[in-house]
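These are my notebook entries on one structure. I set down what I looked up, entry by entry.

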Amino acid sequence: MGYILALCAALLFGTNGSVTKVVIGAGLEPAQLTLFRVGGTALFAALFLILRNRAAFKVSRRQLLRLIILGIFGVALLQYSYAVAIGLLPIGITLLIEYTAVLMVAIVAFFFFKEKVRPRLWIAIGLVLVGLAVVAQIWASALLPFGVLMAFLAAVCLAIYFLLGEREVGKSSAMSVAFWTMSTSTVFWLIFSGWWRINPALFVTPVSLNGNLDAVHLPLWVPLAWNVVLGSFVPFYLSLLALKYLTATAAGIVASAEVIFAFLVAWIWLGETLNPVQIAGAAVVLLGIVLAQTARIDKVVDADLAIKLDEP
């Protein structure tokens, strides 16, 4: 049951990259899309707590300050940088770069928090760096530099969420952390997203689903609703349910399937392809990510729990 739940969450997260690309291509700016995603998730988290655990709304002032910081840097900027990156890069490559956050967390935990790590971490770092160089084909400069920069910014923000989020989840329920961080992110983007520039008619304007579904047109609110409900809150909730049956390490490894699903959906739907050499490089990166996820001895970061606050 745990593996089924975790795989369903990874599939929804992986599919959502292609949905996001359609929404942004239809004219909604990355910051505006992020506002809808975090605002919708905050609303669903609030309803969940009202029905299941109202006491979880209460947090101390000190914890609230940490959650605000987490909401801005670990959620608001994470989802924004990811949305910008997939507008410029293939979805699968963006996620491969974003998942280097797992390496960043392990390195910070080792050097700054003095946590013990298994020697496999250094092998993982080497594999990820070599694999990314192959996928990006750095010898041919095939990727837009700004897109790569935004993908790495997403990785840094995700690492921040890992480092702060795992500590806050240990003090409050995960849904409480989701509510406060998403609410903070919502306030942030209400100020900076420029939502007032959106023409309301855009939401009912038919938009093409692009790629192999180019002939299919739906009102923009349909893929937008998918993005909020099935691309954010539902997979996040499924990942929480999976943790009832799996260890954090196992759930984190299964979460890596998101990258595979993202590649497959983008290939079938949008026609985004990799050559054989890039596919081999992607496999090397995924192997490195799995090794890194099992390298921390004292605390293993739950990647599945953190992304869906993605991610992204």
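**Entry 1: confidence**

I began with pLDDT, the predictor's confidence in each residue on a scale from 0 to 100. The protein has an average pLDDT of 86, and 90% of the residues reach at least 70. This is a predicted model, in which local features need pLDDT of at least 70 and side-chain atom pairs count only at pLDDT 80 or more, while totals for chains, interfaces and linings use all residues. Residues are numbered from 1 along each chain as its sequence is written, and side-chain values use heavy atoms, with hydrogens and water left out.

I then looked up where confidence is lowest and highest. Helix H13 (residues 303-307) has the lowest confidence, with a mean of 41, and strand S2 (residues 217-219) the highest, at 96. Helices (H or I, at least four residues) and strands (E, at least two) are DSSP runs, numbered from the N terminus. Over residues 299-312 pLDDT stays under 50, and the model has 68 contacts beyond four places in sequence for this stretch. A contact means heavy atoms within 4.5 Å.

**Entry 2: aromatic pairs**

I recorded 13 aromatic pairs in the structure. One of them joins Phe233 and Tyr237, which are stacked at 6.3 Å centre to centre with 5° between the planes. Rings of Phe, Tyr and Trp (its six-membered ring) pair if their centres lie within 6.5 Å; planes under 30 degrees apart count as stacked, over 60 as edge-to-face and the rest as tilted.

How are Phe233 and Tyr237 placed in helix H9? They are 4 residues apart in helix H9 (residues 221-242), and therefore separated by about one helical turn. I also looked up their accessibility, where buried means under 20% relative accessible area, exposed over 50% and partly exposed in between (1.4 Å probe, protein chains only). Phe233 is buried at a relative accessible area of 11%, whereas Tyr237 is partly exposed at 26%. Ring pairs also link both residues with Phe44 and Phe48 into a cluster.

**Entry 3: the second largest cavity**

I looked up the space in the second largest cavity and found about 40 Å³. A cavity is a set of points, on a 1 Å grid over the protein atoms alone, where a 1.4 Å probe fits but cannot get out; lining residues have an atom within 4 Å of a point. Grid points are joined across faces, edges and corners, and the volume is the space filled by probe spheres set on the points.

The lining consists of Pro90, Ile91, Gly92, Phe263, Ala266, Glu272, Thr273 and Leu274. Helix H4 (91-98) and helix H11 (257-270) are the elements that give two or more residues to this lining. By class, the lining divides into 5 nonpolar, 2 polar and 1 charged residues. In this scheme Ala, Val, Leu, Ile, Met, Phe, Trp, Tyr, Cys and Pro are nonpolar, Asp, Glu, Lys and Arg are charged, and the others, Gly among them, are polar.

I followed helix H11 to Trp267, which is found in that helix. Trp267 is partly exposed at 49% relative accessibility. Not counting residues up to four places away in sequence, Trp267 touches Asn212, Glu272 and Thr273. The C-alpha atoms of Trp267 and Thr186 are separated by 32 Å, and the two are 81 residues apart along the chain.

**Entry 4: buried helix positions**

- Gln32, in helix H2 (residues 30-52), is buried at 3% relative accessible area. Gln32 is in contact with Ser193, Gly194, Trp195, Arg197 and Ile198.
- Gln63 lies in helix H3 and is buried at 8% relative accessibility. Gln63 touches Glu168, Lys171 and Ser172.
- Gly74, in helix H3 (residues 61-88), is buried at 0%. Its contacts are Ile69, Cys157 and Tyr161.
- Ser176, in helix H8 (residues 174-192), is buried at 0%. Ser176 touches Leu49, Ala56 and Val59.

I also looked up two C-alpha distances. Ser176 and Ala45, 131 residues apart along the chain, are separated by 7.6 Å. Gly74 and Glu258, 184 residues apart in sequence, are 19 Å apart.

Asn210 lies in the loop between strand S1 (206-208) and S2, and is partly exposed at a relative accessible area of 29%.

Notes: On a 1 Å grid over the protein atoms alone, a cavity is a set of points where a 1.4 Å probe fits but cannot get out, and a pocket is an open set with protein on both sides within 12 Å along at least five of seven lines; lining residues have an atom within 4 Å of a point.
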